[in-house]
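Q: Hi! Could you walk me through this model?
A: Happy to. Let's open it up.

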Amino acid sequence: MEHKEMLYVHPAPVRVWHWINAAGFIALIITGIQIRFAETVNMFSFENAVNIHNYVGFIVIGNFGLWLLFYFGTGKIRIYFPNPRTFLSNVIKQMQYYGYGIFKGDPNPHHMTPENKFNALQQKAYLGLMFLFLPTQMTTGLFLWDIKGFESYITMLGGIKVIDSIHVLLFFFFCAFMIVHAYLATLGATPLAHYKAMFTGYEEPH
Ligand code: HEM
């Protein structure tokens, strides 16, 4: 059986959330470029770009609800939280591995299990991503979608320029994140192992 030695690490709701989110981000980035650089970029009309950006934005927000529901509903959210006692030493080990050990063929210091599937660096990055950067991007996007309706919140947070700057800075962050994330995801047992796992749920151990 193909799945005999494989680890089941990504349950279906996580996989569905992840690929809708990834496709949504690609659409948001493309339409975001059109909106932001309307004078120089001519992929489609400004109006279409705004409409698609809004629809996809709401899909990504709704989809985040699926992620929240699954992880909090099952209690599996704890995999996102590092153990404070071992965290620092695990970060150092993982950095040594990516910076040096991986080029000598050393084994990965992190051994993936369904209860502990992220290495210390992934844990730190995904925690910030899912609890800070993604919610901030969704909230600022929502405010920009209905400036009048959210006027009091916008004023309280420093005005529309502040909200818009945060949204655009995070847009640049997410562009960079997706490149680094897609590259790091090739560092599994084989270059496509992590990708396959995000489709099938089963991860090949190193
Ligand atoms: C084309 C774009 C993307 C590709 C190719 C991609 C690929 C992958 C792969 C292969 C994994 C499994 C291996 C791992 O945990 O590193 C993964 C996990 C993950 N990705 Fe992505 N990703 C993309 C976009 C995104 C975006 C836009 C976000 C968030 C804004 C994101 C957040 C995550 C998170 C949080 C996980 C861990 C999920 C879990 O197991 O709970 N990814 N990604």
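Q: How many helices and strands does the protein chain have?
A: The protein chain has 7 helices and 2 strands, taken as DSSP runs numbered from the N terminus, with helices being H or I of at least four residues and strands E of at least two. Along the sequence they follow the pattern β-α-α-α-α-α-α-α-β.

Q: Before we go on, what sort of model is it?
A: A predicted model, where local features need pLDDT of at least 70 and side-chain atom pairs count only at pLDDT 80 or more, while totals for chains, interfaces and linings use all residues. Residues are numbered from 1 along each chain as its sequence is written, and side-chain values use heavy atoms, leaving out hydrogens and water.

Q: Thanks. What does the C-alpha trace span?
A: About 55 × 35 × 35 Å along the principal axes of the protein chain. Of its 206 residues, 33% are buried, meaning under 20% relative accessible area, with exposed over 50% and partly exposed in between (1.4 Å probe, protein chains only).

Q: Now the ligand. Which residues coordinate its iron atom?
A: H18 and H181 do, each through NE2, at 2.0 Å. Donors here are N, O and S atoms within 2.8 Å of the metal (3.2 Å for Na, K and Ca), and water is not among the atoms, so sites may look incomplete.

Q: Where do those two histidines lie?
A: H18 is in helix α1 (residues 12-36) and H181 in helix α6 (residues 160-184), so the pair ties together parts that are 163 residues apart in sequence.

Q: And what is the geometry of the iron site?
A: Octahedral, with angles of 84 to 179° among the 6 donor atoms. For six donors, that label requires opposite donors over 155 degrees apart and all others between 65 and 115.

Q: Is H18 buried or exposed?
A: H18 counts as buried, at 13% relative accessibility. H181, at 24%, counts as partly exposed.

Q: How many residues surround the ligand?
A: There are 25, and the closest are H18, Y71, K117, Y126 and H181; a residue belongs here if one of its heavy atoms lies within 4 Å.

Q: Which helix gives the most to that shell?
A: α1 does, with 8 residues. At least two residues each come from α1, α4 (120-145), α6 and α7 (193-200).

Q: Switching topic: what does the side chain of Q123 reach?
A: The backbone oxygen of I79, at 3.1 Å. Q123 sits in helix α4 and is buried, with a relative accessible area of 9%.

Q: Where is G32 found?
A: In helix α1, and G32 is buried too, at 11% relative accessible area.

Q: Last one: where is E204?
A: E204 is in the segment after β2 (202-203) and counts as partly exposed at 30% relative accessibility.

Technical notes. Four donors count as tetrahedral if all angles lie between 85 and 135 degrees; four count as square planar and six as octahedral if opposite donors are over 155 degrees apart and all others between 65 and 115; anything else is irregular. A polar contact is a pair of N or O atoms within 3.5 Å; within protein, one must be able to donate a hydrogen and the other to accept it, and residues adjacent in sequence count only if both atoms are side-chain atoms.
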